[in-house]
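Hi everyone, thanks for coming. Please have a look at the sequence and the model on the screen, and then we'll walk through a few parts of it together.

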Amino acid sequence: MSNLDIKVPDIGDFDAVAVIELMVKVGDHVKVDQSLITVESDKASMEIPSSHAGVITQIKVKVGDKINEGSVIASIKADGVESLAAAATTAAVVAGPALGVPKPEAAKPKSDVPVSEQAVVVPDIGDFKDVSVIELMVKEGDTVSVDQSLITVESDKASMEIPSSHAGVVKSLNIKVGDKINKGDVLAMLVLANSSAQRASSSTALASAPVLSTPELVAPLAAPLSVSTAPAHNPSEASSLTQVPHASPSIRKFARELGVPLGEIKGSGNKGRITIGDVQAFSKSVMKGQVQTAAQKASGSSSGSGAGLGLLDWPKVDFTKFGSIERKPMGRIKKISGANLHRNWVMIPHVTNHDDADITELEAFRVLTNKEHEKSGVKVTMLAFLIKACVSALKKFPEFNTSLDGDELVYKHYFHMGFAADTPNGLMVPVIRDADQKGVMQISQEMSDLAKKARDGKLSSTEMTGACFTISSLGGIGGRYFTPIINAPEVAILGVCKSQMQAVWDGKTFQPRLMLPLSLSWDHRVIDGALAARFNAYLAQILADFRRVLL
């Protein structure tokens, strides 16, 4: 492997552009065309990609530095010597020749006769195709000046404002949010202010964008918010809902995925730029009822009514009309767990796999172990064996021991196991820490101690946080299968019900076997169906022959 420098490619006529974000760090493995830094001028923001794949050995710029074409961004231990700089350069300028976009050609007057109407078309702003319209900045009837921005478009690497080539009054808009546009497409028809209106001679304005701060591991986000598209506006209007949100393409994409209205967020970054933390904080505030979106205010509904999700309001019923009733306040634990479960169910795309594990031999071993250690006072439960089995499965399938943080997966090298405990006050989830380093006897003892604390209401916050994976066992209560709700920020949860004797075909005859129902819920954003099926199958194999945990 070779060491080489990654340099700023030729992305247009610009000079001394500020670095506003570092998107990688030393030790990161990057792919060809993966963005390394974000730069910004007074008119544009752009992500600069890597020309090679490899491991970052040194970052040679910092936020605030001024860079030019040829400036060294980073040193990289390349996976190979093939340079894809040309492809990376093209990707970097996918939405145009970057920070110094060439000026549109001057309009050639056809005659001396005054022109009353003028079509405004997409100018030549570089090698791009089918760029999405993400915002209309004017509406019919607005008076616009030469070089005033009409719309905002966005590719996967850059956002850009398209200006008006003439001054006049907007007669009609020929595009809408979501449309794909190309060079020469008609954006709008103007009634010209005068016959001498000239095509703009200045550069095409690009949207300014904020620093994308390094994401911090925060509490999982709440349910998606109703998108409230900011109305088209005139620059003279100063409302926060009508100003163009200062956000980079990656932040805009993140906000769209959550359904967060960017126009309603106050940015905390430099010059009011919106960061990923701002989007996350706004989302949590809405779900807590601390903030209402414009859509909620317009409907006169609170965040808990369902209107924020486009749902019907919750029915309000006078139950006394139907008979005698009694009202009791909901317990604190149920309030907290209920809100978390609601958020997780709405935000996480759950899928549940059901399977059965043959625990005939394991149950016999468990009973024998309890007889041999009867004097110790420790009672080994099937759940203790399940915890050890799940640790083994997490080691074999590390995707299940991750958390989703923005566009990154956090892989954990520790194995803290949560188990759902039913208490008089509601559901609680104590955590067995470092379960991979403990035997079944020790796990059983800790489970017993934690379960007692949970029932007595004496669990500390430390004893209920940090789990990688949770097991929800209905034990001897009954039931067959169910769909456990994932305990965010985990990506999976195992549900088990009461084991039952079944007649199982062994190839020759039916044999009585003790079968344990397994219900594995998993986050489809992180895990696919094939991986989930393999996890469940492997888990069942371990429970059928517990010697496999030693492999």
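Let's begin with a question: which residue stands opposite T152 in β12? That residue is E135. Before we go on, a word on what you see: this is a predicted model, where local features need pLDDT of at least 70, side-chain atom pairs count only at pLDDT 80 or more, and totals for chains, interfaces and linings use all residues. Residues are numbered from 1 along each chain as its sequence is written, and side-chain values use heavy atoms, with hydrogens and water left out.

Now back to the strands. Helices (H or I, at least four residues) and strands (E, at least two) are DSSP runs numbered from the N terminus. Two strands pair if DSSP finds at least two bridges between them. Strand β10, residues 131-136, pairs with β12, residues 149-154, in the antiparallel sense over four bridges. β10 is also joined to β15, residues 180-181, by two bridges, again antiparallel. There, S132 stands opposite K180. Is β10 mostly covered or uncovered? Mostly covered: five of its six residues are buried. Buried means under 20% relative accessible area, exposed over 50%, and partly exposed in between, with a 1.4 Å probe and protein chains only.

Next, an open sheet. Four strands form it in the order β5-β4-β2-β7, with antiparallel pairing. Its edge strands are β5 (45-49) and β7 (66-67), each pairing on one side only. β7 pairs with β2, residues 17-22, over two bridges, and A18 stands opposite K66 there.

Why does D358 count as buried? Because its relative accessibility is 18%. Its side chain makes polar contacts with the side chains of T360, at 2.6 Å, and R513, at 2.8 Å. A polar contact is a pair of N or O atoms within 3.5 Å; within protein, one must be able to donate a hydrogen and the other to accept it, and residues adjacent in sequence count only if both atoms are side-chain atoms. Leaving aside neighbours within four places in sequence, D358 is in contact (heavy atoms within 4.5 Å) with R513, L514, M515, L543 and A544.

Last stop, helix α5. Its buried residues are I333, S337, R343, N344 and M347. Seen down the axis of α5, they fall within an arc of 125°, so they line one face of the helix. That arc is taken from the directions from the helix axis to the C-beta atoms.
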